[in-house]
Amino acid sequence: MSISFTLARRYMAGRKLRTALTTLAIVLGVMLIFGFNGTLPGMMEWMRKSMLASVGEVDLNVQSASSALFDQRVADKVAAVDGVAAATPVLRRNVTLPEKPDYHTTGITVIGIDPVVSPDVRSYPVAEGRMLAASDDDTNARPVAVIPASTAEKMGLAVGDELVVPAASGAMTFEVVGTLDSPVPPATDEVYVSLPLAQDMFAAPGRASAIEAAFEGGADEETVQEAVGDAVGDGYVIGSVTADSTLAAGFEVAGTIFNVLGLFALAMGGFIILNTFRTIVAERRHDIGMLRAIGASRRQILGLFLTESLVQGVLGTGLGLLAGWGFATVTAAGMSELVGDLMRIESFETSFSVSTWVLAITLGMGATVLSAILPAIAASRITPLDAMRPQLGDVYEKAATKRGWVGLALVAIAAGMLLSGNDGLIGLGGLLLLVGMSLGASAAVKPITDFFSRGIELVYRREGALARANLQRNPGRAGVTVSAVMISLALVTGIMTMTAAVVGGYAEYAEKATGTDYLVIPQGLMLSGGMVGAGPEMAEAVRSTEGVGDVATLRYAPAVVGDLTVQVVGIDAEEYAKVASFRYSEGSSDADLAKLADPDMVLANASFRAQTKTAKGDTVEVMTPEGARTFTIAGGGNDYINAKLPTVYVSQEALADLWGVTADVMVLANATEGADKAAVLQSLGATIDGFPSFKLYDALAWQQVQNDLFGQLEIVYYTLAVVLAIPSLLALLNTLAIGVLARTREIGMLRAVGATRRQVKRLVVAESFLLAAVGTAAGLVAGVPLGYVIVRSIGAVGLEFDFVWPTTGLVVTVIVGLLFAVLAAIIPARQAARLDVIRALRYE
Amino acid sequence: MAIVETKGLTKVYGTGETAVTALDAVDLSLDPGEFVAVMGPSGCGKSTLLNLVGGLDTPTSGTVTIDGREISQLSDDEITRLRRERIGFVFQFFNLIPVLSAVENAALPLILDRGGSARAAAKAEEWLERVGLEDRRANRPDQLSGGQQQRVAVARALVTEPALVLADEPTGNLDSKSSEEIATLLRQVSSEWGRAILMVTHDPRIAAHADRIVFMRDGRIVDDTKIAGAESARDAMERVGLL
């Protein structure tokens with residue numbers, strides 16, 4: 001084994017605590033990156049398999065690009081293409097089942113097929129009973145359904161049993177007339193019914209969600225696909241299925257968050273490694289000088305340290321990969337356990353692609369080796385004479401001062417950018433502020449520790465003064481630690497600021513929504529997601545309930561603008577204005593809402609305008625099942641439920657004409673003046689009982705549900721903030737542990753001249769508090785502008801919230817900082833207090 | 001031909017009013033196998049002379065020639081190679097790598113010279129045997145006494161078969177018994193193994209083992225005397241006022 005590896009291995013083994021802390025810094029980052037990237041493909045693959053399996057036996061599948069329903073007569077166009085043997089419309093919708101009766105599953109996919117043509121396109125091997133027949137098309141006859149045997153077994157159904165499924169008109173009861181041997185997509189429960197019946201169920205007469213076709217024998221697949229594409233025109237996807245874009249986008253966002261977290265952890269790891277290697281170089285100055293004297297070249301010294309960083313990187317990355325594998329396995333198992341039933345997923349499989357391996361290894365090794373380069377170069381510059389000289393103090397002082405001025409200049413520029421009002425400059429300003437404060441940290445260590453040590457010296461007078469002196473004599477190391485703590489806590493403050501703005505903003509939206517006395521909404525917040533809408537019967541039933549006054553309904557269809565999938569929400573402007581209101585963007589008002597009477601006008605929410613880069617008065621081309629249509633944006637407004645997704649509001653007439661949607665997905669109602677609201681709620685409850693996929697809330701209950709949601713949202717953000725802060729805890733711990741090691745002889749001397757173990761402990765604790773105090777103060781100063789940047793940034797992508805002064809966030813940040821000071825000091829303080837005086841005095 | 005020759009060797013630290021002349025036009029030469037001790041009060045320029053001869057520092061003026069090569073003409077890499085191949089160093093504080101065993105420490109210069117580790121270890125073991133440490137080869141520095149550590153350092157200095165050994169206060173950190181042992185070992189290095197030694201020391205008893213004592217004061221050589229045993233060394237020291 002080469003001497004470099006031998007030295008690296010033995011030096012690392014000789015400093016177990018330091019090696020463990022440095023390794024941990026890398027492990028955390030690699031674990032997050034490797035672990036999540038190993039989980040994500042499994043989730044995506046499950047979705048793809050699920051989608052593919054559902055159309056697996058079909059030669060050709062045609063869907064609208066936006067996933068919207070379209071005219072079933074498109075099947076005729078497909079059937080007319082040369083090479084197509086048969087084409088049939090299919091209406092496939094996911095349905096959330098009511099809690100009773102218990103079918104042992106939360107949702108099913110109802111598939112409406114043409115009993116005559118569909119068997120020519122895919123096979124339906126009957127296991128028991130019979131397949132659907134042409135006579136089952138009669139919507140006045142008793143509804144019948146056929147289900148795969150596996151679904152029947154799971155749901156506890158047999159031929160002849162009844163199956164109750166929510167429908168637009170309330171609930172529909174089917175008789176199971178047959179079971180099928182056909183394969184079922186993983187974790188999906190299917191129910192086949194005749195197409196007219198499905199269209200009736202979902203209030204989508206004459207609409208289809210897909211066209212399935214079979215090729216003639218010997219037909220050239222590509223040629224036929226191309227011809228079908230030409231026949232159906234723009235706005236359709238041929239030959240492939242798209243995964244549920246909302247879910248896929250959710251996974252992608254989660255993936256990005258985890259990768260950012262991983263990168264952040266690695267950057268912090270880089271800080272820690274830089275710190276560690278700087279100390280190592282200082283510690284081994286005599287060894288390096290001797291090696292240079294006996295003939296080691298500069299390159300060999302550089303090589304020694306880079307080899308050590310390589311060994312450190314291999315160790316950290318290796319353990320990180322192992323931890324990542326564990327993380328992925330636990331996450332996959334946890335996901336299956338927690339949301340599997342909800343999302344109808346049986347199990348996720350972890351999958352580590354070559355690119356995931358390469359990404360994790362490159363980043364883990366890269367962060368380690370890159371961070372060690374500067375200290376390694378410094379080591380290679382040590383002259384042989386250094387082997388004979390005593391240790392030098394304050395070697396960083398000069399560079400720190402120079403960096404301090406650069407940092408101050410950057411902070412000044414950043415302040416200008418933050419106040420500029422320009423989104424791009426504000427974002428850059430936030431980044432510059434962090435860089436500037438990091439650069440200036442080492443120069444600011446002296447004045448700030450002078451200030452904070454006064455407080456600490458009130459409690460620990462002697463130890464406080466010593467701790468201050470210890471930090472001030474190596475401002476470089478203290479500065480790096482302060483920067484690490486600052487960045488972490490700035491992110492904590494930033495996230496808290498964002499949370500305050502988002503929660504405050506949504507609360508305001510929710511308040512507007514609760515201007516309505518009663519809300520009838522599907523299970524789930526967003527309108528998309530394939531839930532069953534209600535026919536006019538439900539709104540009518542609500543209207544005719546005693547004590548109910550004004551009633552407004554919302555309808556939903558998906559659409560595509562450019563490459564962007566958007567929501568189209570149909571409202572009756574006049575009715576809507578009576579029971580609810582929008583949070584209008586600047587320059588828009590109820591007058592713009594009234595313009596929706598014109599079918600070419602839309603109201604666009606902030607997310608839509610930001611993502612399509614449009615404004616009031618602009619025109620926008622929306623792909624509908626009837627082809628591309630140009631709308632004019634009458635104004636900007638957000639409603640609470642749809643604020644998160646790009647949404648346009650159109651009249652219900654336009655939605656019916658262009659998307660063929662007449663089903664209501666939400667009903668808002670007010671009580672008449674003087675009515676007994678509790679009694680009305682009870683009556684409405686009885687009315688809604690007939691529509692099992694809907695839930696009824698009064699304003700108070702709705703507010704409660706939203707508060708609970710905000711509470712959960714806050715927990716998620718707080719957890720995120722704590723996770724982000726953990727690497728700074730490691731940095732603090734690392735610096736304190738290194739400080740104890742580097743000053744072993746001094747601590748021995750202190751003990752020799754009469755310092756008690758408790759005083760030594762206090763010394764380390766005081767240092768920890770000082771470092772954390774400086775880091776926390778800097779974190780607060782940087783965090784508030786960072787929060788402002790985050791709020792502005794999410795505003796730029798369409799989630800408009802007002803900046804709120806984050807009082808809670810500031811308090812939480814201070815608490816986290818103080819808590820970290822205590823936690824980080826525990827191990828180094830015990831280590832320092834337990835030092836054997838004689839051995840410490842002899843320590844080299 | 002002399003193994004080391006300095007001509008007008010001068011080293012000035014600082015400039016202007018704060019300039020300090022550590023070495024002032026020193027002419028010195030060492031023959032192969034010659035053992036020369038350099039003595040003098042603190043700050044007289046002994047260590048500066050050693051550093052300049054070893055190529056660890058650069059002179060303000062004058063030349064150092066080692067093995068016929070004038071080192072001020074060499075690049076940093078060439079000086080490094082010269083040190084590795086032709087010069088051995090023994091330091092006051094031993095300067096062993098704490099995590100390496102005695103044999104690994106002794107083999108270091110060969111390993112740095114890209115020698116195969118087996119060949120380097122064999123050679124290092126041979127030298128450890130010669131300095132009387134054959135039974136401590138696997139021990140790390142913290143498991144050795146000061147004298148033993150310095151023997152490892154001597155073995156390390158000799159493992160590349162250098163022409164010259166530079167020793168800076170090699171007994172400065174040792175008790176008197178160990179000091180005597182190291183001095184005897186250095187004598188052996190010179191007379192039996194034929195290496196030239198330039199040793200800086202404060203200790204008259206150690207200097208008495210040398211062939212020649214060079215006395216320095218204020219950066220200059222004030223006396224350069226061949227000695228033959230302790231008695232003539234004492235005479236020389238008395239003459240220059242060191243005793």
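**Salt bridges, ring pairs and charged patches**

**Salt bridges, ring pairs and charged patches**

A salt bridge here is a side-chain nitrogen of Lys or Arg within 4 Å of a carboxyl oxygen of Asp or Glu. Arg137(B) belongs to the loop between α4 (117-130) and α5 (146-158) of chain B while Glu125(B) is in helix α4, so the contact ties together parts that are 12 residues apart in sequence. Helices (H or I, at least four residues) and strands (E, at least two) are DSSP runs, numbered from the N terminus. Arg137(B) counts as partly exposed because its relative accessibility is 29%, and Glu125(B) is partly exposed too, at 28%. For these labels, buried means under 20% relative accessible area, exposed over 50%, and partly exposed in between (1.4 Å probe, protein chains only).

A word on the ground rules: this is a predicted model, in which local features need pLDDT of at least 70 and side-chain atom pairs count only at pLDDT 80 or more, whereas totals for chains, interfaces and linings use all residues. Residues are numbered from 1 along each chain as its sequence is written, chains are lettered from A and ligands numbered from 1 in the order in which they are written, and side-chain values use heavy atoms, with hydrogens and water left out.

Over all chains, the salt-bridge count comes to 35. One of them joins Asp136(A) to Arg130(A), with the closest N and O atoms 2.9 Å apart. Asp136(A) is buried, at a relative accessible area of 10%, whereas Arg130(A) is partly exposed, at 33%. Back in chain B, Arg205(B) pairs up with Asp203(B) in a salt bridge whose closest N and O atoms are 3.6 Å apart. Arg205(B) is exposed, with a relative accessible area of 54%, but Asp203(B) is buried, at 17%. Some bridges share partners: Lys446(A), Asp450(A), Glu457(A) and Arg468(A) are joined into one network that way.

Aromatic rings come next. The structure has 11 aromatic pairs over all chains. Rings of Phe, Tyr and Trp (its six-membered ring) pair if their centres lie within 6.5 Å; planes under 30 degrees apart count as stacked, over 60 as edge-to-face and the rest as tilted. With ring centres 4.4 Å apart and planes at 15°, Phe34(A) and Phe352(A) are therefore a stacked pair. That pair links distant parts of the chain, 318 residues apart: Phe34(A) is in helix α2 (residues 16-54) of chain A, and Phe352(A) is in the loop between α10 (298-339) and α11 (354-380) of chain A. Phe34(A) and Phe352(A) are both buried.

Trp127(B) and Trp193(B) go edge-to-face, at 5.1 Å centre to centre and 85° between the planes. Trp127(B) sits in helix α4 of chain B and Trp193(B) in the loop between α6 (176-191) and β8 (196-200), so this pair ties together parts that are 66 residues apart in sequence. Both tryptophans, Trp127(B) and Trp193(B), are buried. Back in chain A, Tyr576(A), Phe582(A), Tyr584(A) and Tyr649(A) make up one aromatic cluster.

Patches are made of residues with over 30% relative accessible area and no salt bridge, with like charges joined within 9 Å and nonpolar side chains (Val, Leu, Ile, Met, Phe, Trp, Tyr) within 5 Å. Lys and Arg count as positive and Asp and Glu as negative; His and the chain ends are not counted. Arg757(A), Arg758(A), Lys761(A), Arg830(A) and Arg834(A) form a positive patch. Helix α24 (residues 757-796) of chain A supplies the largest share of that patch, three residues. Arg757(A) is in helix α24 and counts as partly exposed, at 43% relative accessibility.

A negative patch brings together Asp59(A), Asp220(A), Glu221(A), Glu222(A), Glu226(A) and Asp230(A). Of these, Glu222(A) lies in helix α7 (residues 221-232) of chain A and is exposed, with a relative accessible area of 63%.

Lys613(A) has a positive phi of about 50° although it is not a glycine. Lys613(A) is in the loop between α19 (606-612) and β18 (619-624) of chain A, and counts as exposed at 73% relative accessibility. Asn95(B), not a glycine either, has a positive phi of about 50°. Asn95(B) is placed in the loop between β6 (87-90) and α3 (102-112) of chain B, and is buried, with a relative accessible area of 8%.

Notes. Accessible areas come from the Shrake-Rupley method with a 1.4 Å probe; for residues, only the protein chains shown count as cover. The place of a charge is taken as NZ of Lys, CZ of Arg, CG of Asp or CD of Glu.
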